[in-house]
Amino acid sequence: MNLRPNKAASIAGSEYGSVLIIVLWIIFGLISITLYFAHSMSFELHTADNRVAGMEAEQAIEGARRYITCVLSNVNAIGILPDPATYQNEAVPVGNAHFWLIGRGDDTQTPVTSPHFGLIDESSKINLNSASSNVLFNLPRMTPEVIANILAWRSTNTTTQSGGAESDTYQTLQPPYTAKNAPFETVDELRLVYGMDMDTLYGEDANLNGVLDPNENDGDALPPSDNMNGTLDPGLLEYCTVYSAEPATDSNGATRINVTSAINETTLKNMMITNGIAANRADQIIAASGVANTGTTFTSVLQFYYRSGMSVTEFPKIEGSLRGASLVGLINVNTASEAVLACLPGLTNGEAAQLVQYRQQNTNNISQTPSMVWVTQVLSQQDAVAAGPYLTGHSYQFMADVAALGHEGRGYRRTRFIFDTRQGIPIVLHRQDLSELGWALGKDVRDKWLLGKQKP
């Protein structure tokens with residue numbers, strides 16, 4: 001029997017089977033490559049989408065900067081913190097993006113678990129460049145050694161007269177550096193001061209939003225390390241500034257009268273008439289204050305008020321045209337926290353609490369006019385005069401802590417601005433990117449914008 005044709009057919013069939021397997025492998029390879037590139041393109045699409053969202057958020061922050069400039073340019077009274085109810089500060093739309101102004105509330109809720117929104121008054125804090133050792137000593141967790149080092153760091157004197165560390169001490173560190181011997185430019189500069197540790201400076205508020213977030217009340221489970229006591233330790237950054245300062249001229253452009261120096265009677269009378277005080281009433285005020293007696297001076301604007309015999313409704317008319325010995329670092333009693341007020345001479349913790357309580361109960365009256373005269377309704381004359389050199393009712397520098405999201409809640413960005421309004425037109429003194437600190441808008445905003453529980 002002839003088997004040759006069957007053998008040839010078998011070989012041909014085997015070849016066809018091999019070709020089929022090769023074709024199948026090629027098809028499988030092409031499908032794998034197609035899926036790989038499809039996945040890569042999908043990944044690139046999401047990356048590009050996130051990049052666009054980040055750009056939208058960055059542009060929203062720039063929009064917020066311009067918006068805040070407009071808000072500060074149109075306040076009803078110069079030297080006043082704008083009422084958050086008068087401007088947008090939460091989920092403000094800018095194209096497909098939105099921004100928030102992370103603020104601080106004027107309440108005693110403990111702990112604060114939801115962020116407040118609005119601008120922050122820099123004059124509500126202790127100025128590192130002007131605060132005395134007595135004021136610094138009352139700040140939370142401050143020690144005499146660190147106070148001496150702060151005074152030495154900001155002093156232009158390179159000797160150790162204050163007992164603080166100078167360059168010879170800093171040269172022993174790794175890496176070595178020299179003492180600045182010049183004023184602080186930012187509060188973060190405290191990190192360079194000898195003896196300052198990050199726990200004291202930043203406390204438990206890892207994202208610097210003034211809110212007790214879940215990771216800030218869980219011990220060592222997640223950074224930062226905290227004591228799980230249900231109370232937020234915000235660190236020194238919460239209470240300090242380097243920007244608070246007042247202008248040397250009033251809203252009319254006239255030089256403010258320094259009550260701690262000899263006062264010219266004619267200048268004082270003209271100023272009062274310009275600010276709406278009748279001439280005969282001005283004469284009565286001058287006579288009561290003793291200014292007519294050459295050489296009469298006062299320790300503060302508040303002491304002038306007591307001696308002048310003016311009413312609490314009259315004095316705010318001229319308060320902005322008067323000043324004390326210093327224009328730097330005054331504390332605005334209308335916005336300062338209880339912890340900051342308690343640092344000032346003449347004020348105990350109890351009196352600081354009374355001031356905050358009175359302020360909360362009379363919010364409408366106090367917020368309408370930039371004045372500090374209302375403290376005389378709370379404090380004794382002795383305590384008010386003692387605290388007077390450190391107090392003001394005006395503010396000219398404001399922080400805008402802007403957080404923004406692009407479309408679909410993506411592209412989180414955060415930038416902090418410091419605005420100065422002393423020249424009438426707000427200018428940016430400082431800008432700092434805080435995006436790396438992570439989410440700072442609280443759980444409610446996260447649920448709404450990131451987890452999609454509620455459509456924006």
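This is a short chat about the predicted model shown above.

Visitor: What sort of model is it, and what counts?
Guide: The model is predicted: local features need pLDDT of at least 70, side-chain atom pairs count only at pLDDT 80 or more, and totals for chains, interfaces and linings use all residues. Residues are numbered from 1 along each chain as its sequence is written, and side-chain values use heavy atoms, with hydrogens and water left out.

Visitor: How many helices and strands are there?
Guide: The protein has 14 helices and 13 strands. These are DSSP runs, numbered from the N terminus: helices (H or I) have at least four residues, strands (E) at least two.

Visitor: What does the C-alpha trace span?
Guide: About 145 × 50 × 40 Å along the principal axes of the protein.

Visitor: How much of the protein is buried?
Guide: Buried residues are 44% of the 456. Buried means under 20% relative accessible area, exposed over 50%, partly exposed in between (1.4 Å probe, protein chains only).

Visitor: New topic. What share of contacts join residues at least 24 apart?
Guide: 62%, among contacts between residues at least 6 apart in sequence.

Definitions and conventions:
Contact means heavy atoms within 4.5 Å.
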